[in-house]
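This briefing walks through selected local features of the model, grouped by topic. Please keep the sequence and the structure side by side while reading.

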Amino acid sequence: MTSPYAQDGFGIGFDWGPVGAGVVAGDIVAVVDVLSFTTAVTVAADLGVDVYPYRWRDETAVAYAEQYGAKLAVGRSEAGPDDVSLSPVSIRRVTGITKLVLPSPNGSTIAKLLSDSGATVIAVSLRNRRAAAEWVTRQLAEGSAAKVVAIAAGERWKDGSLRPAVEDLWGAGGFLSALESDDLSPEARAAVAAYDAVADELPKLLHECAGGRELTQYGYPEDVAIAAEVDQSRSVPVLRDGMMFRST
């Protein structure tokens with residue numbers, strides 16, 4: 001029996017987190033983690049830096065980075081002048097790197113989980129939502145894909161449960177809206193409606209939502225500002241063989 005949660009019968013779907021990513025399968029899956037994994041990936045792609053998503057920042061991540069000759073991102077609070085972290089500001093500042101291992105508990109983890117699913121996985125943020133939609137539309141026109149799913153990564157409460165993050169809902173909805181399709185599941189339609197309701201008030205509302213306020217309180221308002229660069233990136237990071245490389 002088909003799962004009622006799979007959103008079958010629609011060409012465009014939407015869900016939340018790693019569990020949703022496992023249930024709502026698509027030929028193309030857009031992972032959306034606006035603050036900050038997918039924003040960081042688009043910034044890296046703009047600079048020609050390939051990103052290797054990884055789940056945890058631990059000794060295994062060190063070995064993984066060494067395996068590929070890549071720089072390993074550190075925690076935001078640990079980053080020095082020559083370090084890279086999930087902070088898009090740190091990626092724009094650093095020079096001399098072409099490969100980056102970027103661990104995160106949300107967007108990066110979902111991308112890593114999807115890497116063996118057979119789906120084409122792309123990183124989508126507010127910065128590249130229109131470019132990503134145009135790229136996907138070309139794949140659909142060529143017949144290389146039939147179903148597209150956007151997965152909002154969300155954040156985590158202290159007990160480990162999913163905290164739906166409105167910025168990821170907006171990012172996913174903005175991408176789905178730009179697809180200009182009538183074949184949306186009810187869940188996808190709700191995401192599009194959420195984006196359309198705030199599109200004229202971004203980036204102001206990105207700074208005022210819980211995720212934006214959190215980063216600002218921690219001293220990273222510039223990261224929020226970069227995340228709010230709506231449609232400013234033409235990069236479409238595509239995951240292949242464990243690495244996200246720039247496609248345009």
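Gly211 is buried in this predicted model, with a relative accessible area of 4%, a value that counts as buried because the cut-off is under 20%. Gly211 belongs to helix α10, and this helix also takes part in the lining of the largest pocket.

**Gly211 and its surroundings**

- Once neighbours within four places in sequence are left aside, Gly211 is in contact with Leu35 and Glu167.
- Although Gly211 and Ala165 are separated by 46 residues in sequence, their C-alpha atoms lie 7.0 Å apart in space.
- Leu35, one of the contacts of Gly211, is joined to Ser36 by a cis peptide bond, for which omega is about 25 degrees.
- Ser36 itself sits in the loop that runs between β2 (28–32) and α2 (37–46).

**The largest pocket**

- The largest pocket holds about 700 Å³ of space, and of the 25 residues that line this pocket, Arg76, Asn106, Glu155, Glu214 and Tyr218 are the closest to its centre.
- Helix α10 (210–217) and strand β8 (155–156) each contribute at least two residues to the lining of the largest pocket, and the largest share, 3 residues, is that of α10.
- By residue class, the lining of the largest pocket is made up of 9 nonpolar, 7 polar and 9 charged residues.

**Arg92 in helix α4**

- Arg92 lies in helix α4, which spans residues 88–93, and with a relative accessible area of 41% this arginine is partly exposed, because that class covers values between the 20% and 50% cut-offs.
- Beyond residues up to four places away in sequence, Arg92 touches Val43, Leu47, Arg127, Ile226 and Glu229.
- With one of these contacts, Glu229, the side chain of Arg92 makes a polar contact to the side chain at 2.9 Å.
- Arg92 and Gly143, by contrast, are 51 residues apart in sequence and 36 Å apart from C-alpha to C-alpha.

**Helix α5**

- Helix α5, formed by residues 107–114, is mostly covered, since 6 of its 8 residues are buried.
- The buried residues of α5 are Gly107, Ser108, Thr109, Ile110, Ala111 and Leu114.

- Ser185 is located in the loop between α7 (166–179) and α8 (186–198), and its relative accessible area of 0% places Ser185 among buried residues.
- Not counting residues up to four places away in sequence, Ser185 touches Gln7, Phe10, Ile12, Gly13 and Phe14.
- Gln7, one of those contacts of Ser185, lies in the segment before β1 (12–16) and is likewise buried, with a relative accessible area of 6%.
- The backbone of Gln7 has a positive phi of about 60 degrees, although Gln7 is not a glycine.

**The hairpin of β10 and β11**

- Strand β10 (residues 236–240) and strand β11 (residues 243–247) pair in the antiparallel sense over 5 bridges, and within this pairing Pro237 stands opposite Arg246 in β11.
- These two strands, β10 and β11, form a hairpin with 2 residues between them, and in its turn Asp241 has a positive phi of about 55 degrees.

**A further cis peptide bond**

- A cis peptide bond also joins Leu202 and Pro203, where omega is about 10 degrees.
- Pro203 is placed in the loop between α8 and α9 (204–208).

Definitions and conventions:
Residues are numbered from 1 along each chain as its sequence is written. This is a predicted model: local features need pLDDT of at least 70, side-chain atom pairs count only at pLDDT 80 or more; totals for chains, interfaces and linings use all residues. Side-chain values use heavy atoms; hydrogens and water are left out. Helices (H or I, at least four residues) and strands (E, at least two) are DSSP runs, numbered from the N terminus. Buried means under 20% relative accessible area, exposed over 50%, partly exposed in between (1.4 Å probe, protein chains only). Contact means heavy atoms within 4.5 Å. A polar contact is a pair of N or O atoms within 3.5 Å; within protein, one must be able to donate a hydrogen and the other to accept it, and residues adjacent in sequence count only if both atoms are side-chain atoms. On a 1 Å grid over the protein atoms alone, a cavity is a set of points where a 1.4 Å probe fits but cannot get out, and a pocket is an open set with protein on both sides within 12 Å along at least five of seven lines; lining residues have an atom within 4 Å of a point. Grid points are joined across faces, edges and corners, and a volume is the space filled by probe spheres set on the points. Ala, Val, Leu, Ile, Met, Phe, Trp, Tyr, Cys and Pro count as nonpolar, Asp, Glu, Lys and Arg as charged, and the others, Gly among them, as polar. Two strands pair if DSSP finds at least two bridges between them.
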